[in-house]
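Dear colleague,

Please find below the sequence and the structure that I am handing over to you. My notes on the strands, the helix packing and the ring contacts follow.

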Amino acid sequence: MASRSYKDVEAIQRGINVLAALNRAETGFVKPLSDELGLSPATVIRALETLTSSGYVEKMPHRKGYRVTAKVLSLSAGFHGEPMVVAVARPHADELTRRFLWPVSVSMLDVDAMVVRHSTIPSSPLAHVHTTLNKRLSLVARAHGRAYIAFCSARERNVLMHLVAKSSDPEKQVIASARELRATLKETRARGYARRDARVDPQTTTIAVPVFLDKDRIAATLGMTFFPRAVRPRQVAAFHEALRETAKAISIDLRKNLGW
């Protein structure tokens with residue numbers, strides 16, 4: 001560890017801890033914050049009043065509680081790293097590839113397509129391409145897209161289907177009609193996982209499942225790609241179960257990181 005010029009500034013540490021704890025609660029009160037952080041009520045009040053004067057916290061009207069303001073969003077403006085869900089999902093995806101050898105990917109919604117944000121292709125001995133990182137995937141033809149659009153809320157699905165209809169996605173042509181798409185998504189939900197349309201790339205296939213943030217929101221999708229001729233149906237079932245359990249573990253870890 002590199003040598004340090006100064007010791008930690010304890011007042012700053014306390015202020016950051018109070019702000020983080022308040023951010024985890026819809027409304028924060030002095031006594032619970034004091035108990036959670038192991039700080040005296042007077043210290044908590046000083047921190048809250050300082051944060052209030054800086055615009056990051058506001059006192060609730062007609063109540064004794066505090067809440068964060070929209071200004072806290074500015075604290076992340078200079079961060080250009082990966083989304084939290086990718087950081088949380090990465091070790092889980094890597095473990096799946098260690099277990100099954102096939103490449104695993106994590107994708108996130110970007111307007112009218114899914115985008116691959118993490119891929120284990122570099123560590124998979126069975127990968128058939130060099131990379132898929134940042135590749136845009138069709139919502140209606142690719143496994144990741146189908147996993148999202150099939151399991152999201154009906155209201156969100158309607159919006160996404162409209163966006164796809166207006167998009168320039170050439171792969172949407174594999175679906176002949178809205179009726180066929182609805183049937184495909186219904187079949188996907190019944191099966192529990194999505195599968196890439198074979199007409200897109202018959203050499204390989206991908207199966208994918210959603211990673212839920214809560215019961216109404218999907219944070220990402222998790223998929224595994226393999227050669228269908230090399231895999232038996234019971235192995236596909238094992239892949240699905242592993243993806244499902246891993247997606248659940250990612251969801252739990254993500255909620256913990258968000259303080260939920």
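In what order do the six strands of the open sheet lie? The order is β5-β4-β3-β8-β7-β6, and the pairing is antiparallel. At the edges are β5 (136-138) and β6 (194-195), each of which pairs on one side only.

Two remarks on the source are needed here. This is a predicted model, in which local features need pLDDT of at least 70 and side-chain atom pairs count only at pLDDT 80 or more, while totals for chains, interfaces and linings use all residues. Residues are numbered from 1 along each chain as its sequence is written, and side-chain values use heavy atoms, with hydrogens and water left out.

Helices (H or I, at least four residues) and strands (E, at least two) are DSSP runs numbered from the N terminus, and two strands pair if DSSP finds at least two bridges between them.

Strand β4 (residues 113-119) is joined to β5 by three bridges in the antiparallel sense; Ala113 has Ser138 of β5 as its bridge partner. Strand β3 (residues 104-110) runs antiparallel to β8, with four bridges between them, and Ser105 is partnered by Gly223 in β8. Nine bridges connect β7 and β8, again antiparallel. These two strands form a hairpin with two residues between them, and Asp214 has Arg217 of β8 as its bridge partner.

Nine of the ten residues of β8 are buried, so this strand is largely enclosed by the rest of the structure (buried means under 20% relative accessible area, with a 1.4 Å probe and protein chains only). Helix α8 (residues 233-257) lies across β6, β7 (205-214) and β8 (217-226), at about 25° to β7 (axes are lines fitted to C-alpha atoms, for helices over the stretch in contact, meaning heavy atoms within 4.5 Å, and angles run from 0 to 180 degrees between N-to-C directions).

Four aromatic pairs were found in the whole structure (rings of Phe, Tyr and Trp, the latter by its six-membered ring, pair if their centres lie within 6.5 Å; planes over 60 degrees apart count as edge-to-face). One of them is Phe100 with Phe239, edge-to-face at 5.3 Å centre to centre and 80° between the planes. Phe100 lies in helix α4 (residues 84-100) and Phe239 in helix α8, so the pair ties together parts that are 139 residues apart in sequence. Both Phe100 and Phe239 are buried. Ring pairs link Phe100, Trp102, Phe226, Phe227 and Phe239 into a cluster.

With kind regards

Note on methods: Buried means under 20% relative accessible area, exposed over 50%, partly exposed in between (1.4 Å probe, protein chains only). Rings of Phe, Tyr and Trp (its six-membered ring) pair if their centres lie within 6.5 Å; planes under 30 degrees apart count as stacked, over 60 as edge-to-face and the rest as tilted.
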